[in-house]
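Subject: Structure for you, with notes on the domain contact

Hello,

Here is the structure I promised. Please open it beside this email; my notes follow below.

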Amino acid sequence: MTLYGGIETGGTKINCMIASHPNDIRASITIPTTSPEQSLEQVVNFFKEQKKAGLEPAAIGLGSFGPVDLDPQSPAFGSVTSTPKPGWQNVPLLQILKNELMLPMVFDLDVTAAAVGELTWGAGNGLKSLIYLTVGTGIGGGVIADGKPLRGLVHPELGHIPLRRDPQNDPFTGMCPFHGDCLEGLAAGPAMERRWGSRAEYLPADHPAWRLEAHYLAQALWVFIVCFSPQRIILGGGVMSQTGMFPLIRKETLQMLNGYVQSPRILNEMDAYIVAPGLGSKAGILGCVAMAKQAFDTAANEVKPC
Ligand code: ADP
Ligand code: ZN
């Protein structure tokens, strides 16, 4: 059985995995994100130890927190670029790991990896288009269009769209350092904590925070549906573990669209249209494994000159 590796570098932790499939996970580890030197050394050690134990992946998928440089022509390809995370600006992640691990690697944004994971093995299996949105320390998303991650000038930044905020109802002006009250500035976990004075996980289920949160997320989904026309929207991340928000988000999104998008998936099947990740909290890391598998399979199928 061919094995693939995954490395998901997040703001607080880094996940590594060796697997062939979600039902065949051979090894995994979670490493705290400290300095790049320290954290990446632990990543490299994990793969070296697994190799000694006989587990060597054919390729590795690397999914990083962003923003990242995804342009293969750019000298900074494979780097984290302008992150506020101390020590991580302009770190050539892909290059460092490739040099150490000496294996074929593919690189993408962590949320894009999660979208690929859900498309391959999760709630998006069988579809051609979907959006995976994470609502956690930040808000970001991966867009799959026509079976492939959507890329453009750089990559989509779904967390930084402007929203309608009613100052009477919500005087909190948002905390995005770039835009104030964009989606991430208003609705990521830290924004909830700042607005309500308590970490989101400690807010009771009947707290008004959840209705407001669902309202902002529904506005965002309205935008994503009319812009990208995804066949399904998958909502993950720590804040979305409050599953009570799903019915509120579905209902408000439907109201906001107001019958304009004429698809039975939206008009009659909302419960199956806006859903939780099929791979749960492993969407990102399994997505990295899936990216590696896809790249390996594609390379193997390329017609070789005889
Ligand atoms: P990260 O985005 O750093 O990868 P998470 O997706 O876990 O990690 O997001 C962390 C954010 O999610 C924090 O702001 C935290 O308050 C919030 N959070 C974590 N667990 C829950 C929960 N059960 N309910 C609501 N919010 C949560
Ligand atoms: Zn912003």
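Predicted model: local features only at pLDDT ≥ 70, side-chain atom pairs only at ≥ 80, totals over all residues.

A salt bridge here means a side-chain nitrogen of Lys or Arg within 4 Å of a carboxyl oxygen of Asp or Glu.

Now the layout. The chain splits into two parts: domain 1 covers 4-113 + 281-295, and domain 2 covers 125-276. Their C-alpha centres are 26 Å apart. Domain 1 brings 9 residues to the contact, and domain 2 brings 10 residues.

How much area do domain 1 and domain 2 bury between them? The figure is about 790 Å², and 63% of it falls on carbon and sulfur atoms. On the domain 1 side, the residues that lose the most area to domain 2 are Leu-70, Val-111 and Thr-112. Together they make up 56% of what that side buries.

Next, the polar side of things. The rule finds 1 salt bridge across the interface of domain 1 and domain 2. It also finds 2 residue pairs in polar contact there, both at pLDDT 80 or more.

Which elements supply the side of domain 1 that touches domain 2? Strand 5 (105-109) and helix 3 (110-121) each give at least two residues. Strand 5 gives the most, with 3 residues. By type, the residues on this side of domain 1 are 7 nonpolar, 1 polar and 1 charged.

Best wishes

Technical notes. Residues numbered from 1 in each chain as written. Chains lettered and ligands numbered in written order. Heavy atoms only, no water. Domains from an automatic or database assignment. Contact = heavy atoms within 4.5 Å. Buried area = accessible area lost by both parts, 1.4 Å probe. Polar contact = N/O pair within 3.5 Å; in protein donor to acceptor, adjacent residues only side chain to side chain. Helix = DSSP H or I, 4+ residues; strand = E, 2+ residues; numbered from the N terminus. Nonpolar A, V, L, I, M, F, W, Y, C, P; charged D, E, K, R; others polar.
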